Amino acid sequence: MNHNGTLSAFFSAALLTLGGCAGATEKDDLAKALGATLATYGEAMRWGYFQTVYGYVHPDRRRKIPQHIDNLRIIGYEVLEPPRMHDEESAEQLVRIEYVHEDVQRLRAVLDRQLWRYDKASGGWWLESGIPSFE
């Protein structure tokens with residue numbers, strides 16, 4: 001193989017490698033965006049910022065915020081199963097949320113299996129499973 005053939009083969013291999021890296025970089029970017037979304041969602045839930053929490057729910061699944069939520073205080077938010085990607089556009093995690101209804105002062109807990117989906121149009125992750133009912 002001459003010098004030009006060697007360079008051509010080298011550049012072809014480099015382009016194929018870069019193409020593979022671009023796919024991996026895109027997956028990494030989606031995973032980082034999911035991590036950031038889950039962190040900010042968890043913080044909003046921990047601090048009881050329910051307007052913000054409901055903002056993470058996909059608009060097609062968003063309902064009116066229940067009135068009893070003003071009577072709710074979050075005591076704990078623990079990730080039991082860290083996020084697991086099902087595919088490039090969906091992930092799931094399991095969280096235990098401890099809470100108290102202020103008027104009753106009884107500790108309760110709910111297991112929240114969160115399903116998250118990536119929306120290419122908006123460029124963000126949306127909570128598909130909705131907010132727990134906090135009965």
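This is a predicted model: local features need pLDDT of at least 70, side-chain atom pairs count only at pLDDT 80 or more; totals for chains, interfaces and linings use all residues.
View 1. Glu81 belongs to strand E1, which covers residues 72-87.

**View 2. Surroundings of Glu81.** When the neighbours within four places in sequence are left aside, the residues in contact with Glu81 are Gln93, Leu94 and Arg113. For Leu94, the separation from Glu81 is 13 residues in sequence, while the distance in space from C-alpha to C-alpha is 4.9 Å. With Arg113, the link runs from side chain to side chain, as a polar contact of 3.3 Å.

View 3. Tyr41 lies in helix H1 (residues 3-46), whereas Tyr56 lies in the loop between helix H2 (50-55) and E1, so the pair ties together parts that are 15 residues apart in sequence.

**View 4. Burial of the two tyrosines, and their cluster.** Tyr41 is buried, with a relative accessible area of 0%, and Tyr56 also counts as buried because its relative accessible area of 17% falls under 20%. Together with Tyr77 and Trp116, Tyr41 and Tyr56 form one aromatic cluster.

Key: Residues are numbered from 1 along each chain as its sequence is written. Side-chain values use heavy atoms; hydrogens and water are left out. Helices (H or I, at least four residues) and strands (E, at least two) are DSSP runs, numbered from the N terminus. Contact means heavy atoms within 4.5 Å. A polar contact is a pair of N or O atoms within 3.5 Å; within protein, one must be able to donate a hydrogen and the other to accept it, and residues adjacent in sequence count only if both atoms are side-chain atoms. Buried means under 20% relative accessible area, exposed over 50%, partly exposed in between (1.4 Å probe, protein chains only). Rings of Phe, Tyr and Trp (its six-membered ring) pair if their centres lie within 6.5 Å; planes under 30 degrees apart count as stacked, over 60 as edge-to-face and the rest as tilted.
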